[in-house]
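Good morning, and thank you for joining this group meeting. Please turn to the sequence and the structure, which I shall now put on display.

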Amino acid sequence: MTECVSGEHDFPDEDETGAYCEEHGVTMLFHGPPITPGDLAGGSPPAIPQRDH
Ligand SMILES: [Zn+2]
């Protein structure tokens, strides 16, 4: 099992692609960063810092 990002328990719902914690509203994909309710509500991709030398 994979530990929830809260660090309090393992994900109750987990398969080969990711895991989901209803209690904390967190979706963990094994090939990417955690998806939070804020990400889903935002609708825009996260800002990528531009390197300016
Ligand atoms: Zn949790």
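Buried residues make up 13% of the 53 residues in the protein; buried means under 20% relative accessible area, exposed means over 50%, and partly exposed lies in between, with a 1.4 Å probe and protein chains only. This is a predicted model, in which local features need pLDDT of at least 70 and side-chain atom pairs count only at pLDDT 80 or more, while totals for chains, interfaces and linings use all residues. Residues are numbered from 1 along each chain as its sequence is written, and side-chain values use heavy atoms, with hydrogens and water left out.

The protein exposes about 4400 Å², of which carbon and sulfur atoms supply 54%; accessible areas come from the Shrake-Rupley method with a 1.4 Å probe, and for residues only the protein chains shown count as cover.

I turn to the secondary structure. Helices (H or I, at least four residues) and strands (E, at least two) are DSSP runs, numbered from the N terminus.

The three strands form an open sheet in the order 1-2-3, with antiparallel pairing. Strand 1 and strand 3 stand at the edges with a single partner strand each, so one side of each has no neighbour in the sheet. Two strands pair if DSSP finds at least two bridges between them; strand 2 and strand 3 do so in the antiparallel sense over four bridges. In strand 3, T27 is the bridge partner of Y20, and M28 stands opposite A19. The hairpin of these two strands has four residues between them, and there G25 takes a positive phi near 65°. Strand 3 also has a covered face, V26 and M28, and an uncovered one, T27 and L29.

Which residues coordinate the zinc ion? They are C4 (SG), H9 (NE2), C21 (SG) and H24 (ND1), at 1.9 to 2.3 Å. Along the chain, these donors follow the spacing C-x4-H-x11-C-x2-H. C4 lies in the segment before strand 1 (13-14), and H24 in the loop between strand 2 (18-21) and strand 3 (26-29), so the pair ties together parts that are 20 residues apart in sequence.

Donors are N, O and S atoms within 2.8 Å of the metal (3.2 Å for Na, K and Ca); water is not among the atoms, so sites may look incomplete. Finally, C4 is buried, with a relative accessible area of 2%, whereas H24 is partly exposed, at 29%.
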